[in-house]
Amino acid sequence: MEAILRPLARFSLVALFVIVLTFGAFISTRYLASSAAFMESNSPQKPLVTPETVPSYPSESTQNLLSTPKAIDIPLNCTLGDQSRACPANYYPSKILDEHKDHLSTLAPSCPDYFRWIHDDLWPWRETGITGKMVMSARRTANFRLVIVNGKAYVETYRKSFQSRDTFTLWGILQLLRRYPGKLPDLDLMFDCVDWPVIKKEAFHAPKYQAPPPLFRYCGNESTFDIVFPDWSFWGWPEINIKPWEALSKDLKEGNKRTQWTEREPYAYWKGNPAVAATRMDLLKCNVSDKQDWNARVYAQDWLQEQKQGYKQSDLASQCIHRYKIYIEGSAWSVSEKYILACDSVALLVKPIYYDFYTRSLMPLKHYWPVKDDDKCRSIKYAVDWGNSHHKEARAIGKAGSSFILDDLKMDYVYDYMFHLLTQYAKLLKYKPTVPKGAVELCSESMACSAQGFEKKFMTESLVKGPALSEPCTMPPPYDPASLHSVIETKDHGIKQVDIWEKEYWMSHSISKQT
């Protein structure tokens, strides 16, 4: 009996202890709840926490957003009058403000792969550097000389460019100075706004020349040393009403959504000025006729007529309605390449001779479909037939080309490319740049305040509002011999593969006709 009662006694004590603890916990909980309610009622804010609003640990990006100051907006200062071409003194900050330096992103993204070509373009001067004599030797064909000293731009004009190329190229450089005030080193360069490159490799070689004249322009090719730079149209082309790239790229994105690839016209489309090059005149032969359909729809653009009609037929965002779009060079490279690639259509690139600053990283069968220059019509017909029977693969090519342009060629990267190119170029200078006697100071106000019409409109739209609150992207290293060889081999392989497919296609058609 005692053995039975002893455990019961222990159980009674334990039970009593548990009851006391439970009661105490209940009282404490009520007290804490009422205290919390009291504190909450005396708090300036009353957060309501529900299963949907339970706060999560803030991400690094959220923390950065919380600590990043509001972007600075510094409008143009045209108070001196629209006709004034003076630069307002001490109006725009000459460097990143101290209170913003701590908020600059230290984790800058890596630059797109095409930035690697900067090293290649500056390679001819890697050992000699660039002397003042070399720079002046590039004056022969230059439109202007640009000197940047202490963050200010000075221009010496030698000859007016075609249309507003020089104006909007200089405008773009001024926007770079607004974006990264005080970050660009002093420099001195010559710029040629004509299409075709002129610094021939065969003409400038040792021992007669230590290094070629350093000359900036919009495109190059394998037989020249010209340094490629973003073209004027990124800030607008007023003569034919083409918007600045930042706004136009958004329009193209929206245009892509209006017509899905499978719903588009199953032909290859091109519209442009054929008179500027024999190769374009040759393309006109590929148009549909009573005798032959090469799967191409080719149109000659009359810009004078288009201007009279208010540019109603040249809206680029409304031209993404064909599954395939043809890119063909003019007198040299053409600014139209980015517009064609941005359409989600398969870009059919007629074998190019020239390249600009980003196109060397485009890969056949990934970003575009290669077309023969000496057999355009048959090549285009095969490309369209292939795509119309391989929808998935064709759409992937169109999408990859479009993503390359709309993502890797956004204006942030265009400015960063300019920044890195000019910074690396400035490091090669063997002298300290000074302002030439014939140069005038240039700033956004001296250009935009007196501008008229589309020029003023596009300058206003493309104006950099204030200093960037992030560092430029991080430059990738130069290509080593093995990786450069791999890039060239991959490109050649894609072109050769299409050539093999084409031959097989036309051979099978020839046999079927004979039978």
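This is a predicted model: local features need pLDDT of at least 70, side-chain atom pairs count only at pLDDT 80 or more; totals for chains, interfaces and linings use all residues.
**Helix pair α6 and α15**

I took α6 and helix α15 (residues 453–462) and checked their axes, which come within 11 Å and cross at roughly 20 degrees. Angles under 35 degrees count as roughly parallel, so I put α6 down as roughly parallel to α15. I noted the hand of this α6/α15 crossing as right-handed.

Which residues meet here? From α6 I listed T167, F168, W171 and Q175, and across from them in α15 I found E455, F458, M459 and S462.

**The six-stranded sheet**

Next I traced the strand order, and I read it as β5-β4-β3-β1-β2-β11. The sheet is open, and its pairing is mixed. At the edges I found β5 (227–228) and β11 (440–442); each has a single partner strand, so one side of each is left without a neighbour in the sheet.

I then zoomed in on strand β1 (residues 144–149) and strand β2 (residues 152–157): they run antiparallel and are joined by six bridges. I looked up F144 too, and its bridge partner in β2 is T157.

**Helices on that sheet**

What does α6 lie across? I followed helix α6 (residues 165–179) over β1, β2, β3 (187–191) and β11, and its direction is at about 10 degrees to β1. Helix α13 (residues 411–428) also packs on the sheet, and I have it touching β3, β4 (215–217) and β5. Against β3, the direction of α13 makes about 110 degrees.

I checked the length of α13 as well. Its 18 residues reach 26 Å from first C-alpha to last, close to the 26 Å expected at 1.5 Å a residue. Is α13 mostly covered or mostly open? Mostly covered, by my notes: 15 of its 18 residues are buried.

**Strand β6 and its partners**

Last stop, strand β6 (residues 265–272). I found it paired with strand β8 (residues 322–327) in the parallel sense, over three bridges. On that side I picked out Y269, whose bridge partner in β8 is K325. With strand β7 (residues 296–300), β6 also runs parallel, and here I noted five bridges. Opposite A268 stands A296 in β7.

Definitions and conventions
Residues are numbered from 1 along each chain as its sequence is written. Side-chain values use heavy atoms; hydrogens and water are left out. Two strands pair if DSSP finds at least two bridges between them. Helices (H or I, at least four residues) and strands (E, at least two) are DSSP runs, numbered from the N terminus. Contact means heavy atoms within 4.5 Å. Axes are lines fitted to C-alpha atoms, for helices over the stretch in contact, and angles run from 0 to 180 degrees between N-to-C directions. The expected span of a helix is 1.5 Å times one less than its number of residues. Buried means under 20% relative accessible area, exposed over 50%, partly exposed in between (1.4 Å probe, protein chains only). Angles under 35 degrees count as roughly parallel, over 145 as roughly antiparallel, 65 to 115 as roughly perpendicular and the rest as oblique. A crossing is left-handed if the near helix is turned anticlockwise from the far one by less than a right angle, and right-handed if clockwise.
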